[in-house]
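Subject: Structure handover

Hello,

Here is the structure I said I would pass on. My notes on what turned up in it follow below.

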Amino acid sequence: MIRSYYYFLSILLLCSSISISRAGDTSENQDLNNLQFLGAPYVFANTDLGIVYGVGGGISRSPNLYLLFFLNFSTNSLIEGGVLQGEYTYLNWNFSEVSWISKAPQYIYTIQNNDPQVIAKALMVRYELQLSALRKVGSWEIGPSMIVRKSSARDQKDKDDNPILEDSYERFGEGNVQLLGVRAKYETASSLRPIAGILIDGSLRFGRTNGDVYQLPRFDVDAEIKIGWAIPITSKTRIYARIWSIFQLEAPPPAQQHLGWERNHRGQPYMREWGRRMLSGRLQFHFTTVKRSPFPLVYMHEWIKIIKPVRVDYEIVPFYDVGEIGDPAYGWHKPRHGIGIGLHLVMPPELVLRLDFAFAPSGPLRFFIGAGETL
């Protein structure tokens, strides 16, 4: 039987940094205005995906360019890649993008406890594109926003690898949404790496949705609000708190919101629960254990001169995640809790690589490798 818990096989972090100076920049203080790259190839394994080989990282040029990317392959048919977060600022405009495509195993889990068991599986093909163009208006950024999401399944089986009917589970059907609307942001702290201040990010989008559960396309609405606070305690410590809610009107199961991933709930399997309502909360304590460490980039520079000898910070980050999924068809599932600790490598001012370990009470340990702050 395939179990859903994650186990650690190996992690290889070979960090590199390339800084390309602008013409005329001679002061060390201008380093923050240079193009920087922070990347990490890695290897890990879990019983759902097999052995996974990947690379993730970020490119940054403060204050107007920020890009996080990833690419993964596995021994269990996983192929995925894309842009986790992309932002480019020009004059009073901020252009942002999230886009990815994947072919990966998808599982239907039991929902009674925190040690979920697989009851069905399929190979899912998905892609998603989110674009926004926000203009500065006073203290806010406001502008058009769009989202396109599509998902479909093939090769559906039960937990013992026996083929099942294609319509056995609505989650394994086909579904899509195409929405256009408005997005607004207010921030007194950087949304890329908040140190002190408040972040408010909301959107309201309208459009169409369709899927196997509908005979004809339907009108759909997507409303989202995310509020975060970054509270500095000392020069080396701060607290980050976040609440996040998403409402969907008619999105079919393959295109609905879900619980269980590094962005909304570490401690649960990926897409364990899904529905048209999602509530999520997060509390983190960031403790900078080492500032301006020469390891590994300064030492690597001695061997590979193209790697700039940039000093990095290391953070220890205990955290708590909580979330709940609901839907008009069945109400609300019970709240899910996750407790964990992370190791963050930070290239100031904003590039971050993460290794987070988390578990749900009475559940197994899981781990998550990623780039960027867990906003």
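Glu373 has a relative accessibility of 5%, under the 20% limit, and therefore counts as buried. The model is a predicted one. Glu373 forms a salt bridge with Arg238, with 3.2 Å between the closest N and O atoms. Arg238 is in strand E11 and Glu373 is in the segment after strand E19 (365-371), so this bridge ties together parts 135 residues apart in sequence. Arg238 is also buried, because its relative accessibility is 6%.

The salt bridges come to 21 by count. Two others with buried partners may be of use to you:

- Arg336 pairs with Glu273, the closest N and O atoms being 2.7 Å apart. Arg336 sits in strand E17 and Glu273 in strand E13 (residues 273-275), so to speak distant parts of the chain, 63 residues apart. Both residues are buried.
- Arg149 pairs with Glu128, with the closest N and O atoms at 2.9 Å. This pair links strand E7 to strand E6 (residues 118-137) across 21 residues. Arg149 and Glu128 are both buried.

There is also a salt-bridge network made up of Glu262, Arg266, Arg282, Asp321, Arg354 and Asp356.

Arg149 comes up again around Gln248. Gln248 lies in strand E11 and is buried, because its relative accessibility is 1%. Leaving aside residues up to four places away in sequence, Gln248 touches a set of residues including Arg149, Asp220, Asp222, Gln256 and Arg276. Ala255 is another of these contacts; its backbone oxygen is 3.3 Å from a polar atom of the Gln248 side chain.

What about Phe247, buried or partly exposed? Phe247 is in strand E11 (residues 237-248), and its relative accessibility of 31% means that it counts as partly exposed. Phe247 belongs to a nonpolar surface patch, together with Val137, Trp140, Ile142, Val182, Leu204, Phe206, Phe219 and Leu249. The accessible area of the patch is about 750 Å² together. Strand E7 (140-158) and strand E9 (197-211) each supply at least two of its residues.

On the interior: in soluble globular proteins, nonpolar side chains tend to be buried together. Here the largest nonpolar core has 15 residues, of which Leu38, Leu297, Val312, Met347 and Leu351 touch the most other members. Strands that each supply at least two residues of this core include E1 (35-46), E3 (65-74) and E15 (312-327). A second, separate core has nine residues, among them Phe44, Leu78, Ala104 and Ile369.

Regards

Terms used: Residues numbered from 1 in each chain as written. Predicted model: local features only at pLDDT ≥ 70, side-chain atom pairs only at ≥ 80, totals over all residues. Heavy atoms only, no water. Patch = residues over 30% accessible without salt bridge, like charges linked within 9 Å, V, L, I, M, F, W, Y side chains within 5 Å. Areas by Shrake-Rupley, 256 points an atom, 1.4 Å probe, with all protein chains shown as cover. Salt bridge = Lys/Arg side-chain N within 4 Å of Asp/Glu carboxyl O. Helix = DSSP H or I, 4+ residues; strand = E, 2+ residues; numbered from the N terminus. Buried < 20%, exposed > 50% of the residue type's maximum accessible area, 1.4 Å probe, protein only. Core = buried A, V, L, I, M, F, W, Y, C linked by side-chain atoms within 4.5 Å. Polar contact = N/O pair within 3.5 Å; in protein donor to acceptor, adjacent residues only side chain to side chain. Contact = heavy atoms within 4.5 Å.
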